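Dear colleague,

Please find the structure below, with the sequence alongside. My notes on what was found in it follow.

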Amino acid sequence: MPYSLIPDRLYHHYSDLTPRLLRELEVRLLLCDLDYTLAPRSADRPDGALRAWLDDCRRAGITVMILSNNRSAHRVETFCSELGIRYVGHARKPGTKGFRHAIAEAGEDAAHTAMLGDKLLTDVLGAKRSGVLALMVEPLGGPAGAWNHVLHLLQRPFKWIAKRRCQKK
């Protein structure tokens with residue numbers, strides 16, 4: 001079981017992942033973290049840009065699901081019901097159980113699944129351990145609180161390595 005903290009690809013924003021790019025990567029199931037990945041933690045509701053991006057993914061035949069460690073089922077459930085997408089809450093990333101559950105629920109396989117998130121220790125590590133493509137974005141709304149600032153500083157060397165690897169491809 002791999003334990004790498006280096007994302008396979010880095011992006012600035014979730015919208016950089018176009019349906020065309022996802023198809024090139026052979027992704028049919030995109031698991032997404034919610035907070036700081038698809039919306040700032042302070043956002044109570046999904047915005048129009050997120051809705052449009054999800055509609056583009058749907059039209060391209062790409063299933064998007066939320067895989068969140070958020071312990072508040074209310075927040076994740078509210079977001080997902082408004083967006084018309086499924087979710088696995090309290091996923092306990094970087095554990096693999098939430099990943100396996102989401103992949104099975106979508107009727108997909110790990111080879112055609114990617115995880116999009118903003119944190120190495122949960123999203124990227126969990127993706128790597130689960131055998132899915134690990135995609136990383138900068139946190140929407142920026143890191144909030146002292147601990148998140150420290151985490152994002154610690155992520156810099158791993159992101160630098162990922163950028164170098166992507167440039168060589």
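Arg 92 is exposed, with a relative accessible area of 59%; here buried means under 20% relative accessible area, exposed over 50%, and partly exposed in between (1.4 Å probe, protein chains only). Before going further, please note that this is a predicted model, in which local features need pLDDT of at least 70 and side-chain atom pairs count only at pLDDT 80 or more, while totals for chains, interfaces and linings use all residues. Residues are numbered from 1 along each chain as its sequence is written, and side-chain values use heavy atoms, with hydrogens and water left out.

**The loop between β4 and α4**

Arg 92 belongs to the loop between β4 and α4; helices (H or I, at least four residues) and strands (E, at least two) are DSSP runs, numbered from the N terminus. The phi of Arg 92 is positive, near 60 degrees, although the residue is not a glycine. His 90 is in the loop between β4 and α4 and has a positive phi of about 45 degrees, again without being a glycine. His 90 is partly exposed, at a relative accessible area of 33%. In the loop between β4 (87-88) and α4 (97-106) one also finds Pro 94, and the peptide bond that leads from Lys 93 to Pro 94 is cis, with omega near 20 degrees. For context, most residues other than glycine have a negative phi, and most peptide bonds are trans.

**The aromatic pair and the cores**

A search of the whole structure gives 1 aromatic pair. Rings of Phe, Tyr and Trp (its six-membered ring) pair if their centres lie within 6.5 Å, and planes under 30 degrees apart count as stacked, over 60 as edge-to-face and the rest as tilted. The ring centres of Tyr 14 and Trp 53 are 5.0 Å apart and the planes stand at 65 degrees, so this pair is edge-to-face. Tyr 14 lies in the loop between β1 (9-11) and α1 (19-24) and Trp 53 in helix α2 (residues 48-59), so the pair ties together parts 39 residues apart in sequence. Tyr 14 is buried, with a relative accessible area of 3%, and Trp 53 is buried at 5%.

Trp 53 and Leu 30 touch the most other members of the largest nonpolar core, which has 30 residues. Such a core is a set of buried Ala, Val, Leu, Ile, Met, Phe, Trp, Tyr and Cys residues joined through side-chain atoms within 4.5 Å. Apart from it lies another core, of 21 residues, including Ile 6, Val 88, Ala 102 and Ala 127.

The largest pocket has a volume of about 330 Å³. On a 1 Å grid over the protein atoms alone, a pocket is an open set of points where a 1.4 Å probe fits, with protein on both sides within 12 Å along at least five of seven lines; lining residues have an atom within 4 Å of a point. Of its 17 lining residues, Asp 33, Asp 35, Asn 69, Lys 119 and Thr 122 are the closest to the centre. The elements that give two or more residues to the lining are α5 (120-130) and α6 (145-168).

Helix α5 is mostly covered, with 9 of its 11 residues buried; among them are Thr 122, Asp 123 and Lys 128. Just after α5, Gly 131 takes a positive phi of about 75 degrees.

With kind regards

Definitions and conventions:
Grid points are joined across faces, edges and corners, and a volume is the space filled by probe spheres set on the points.
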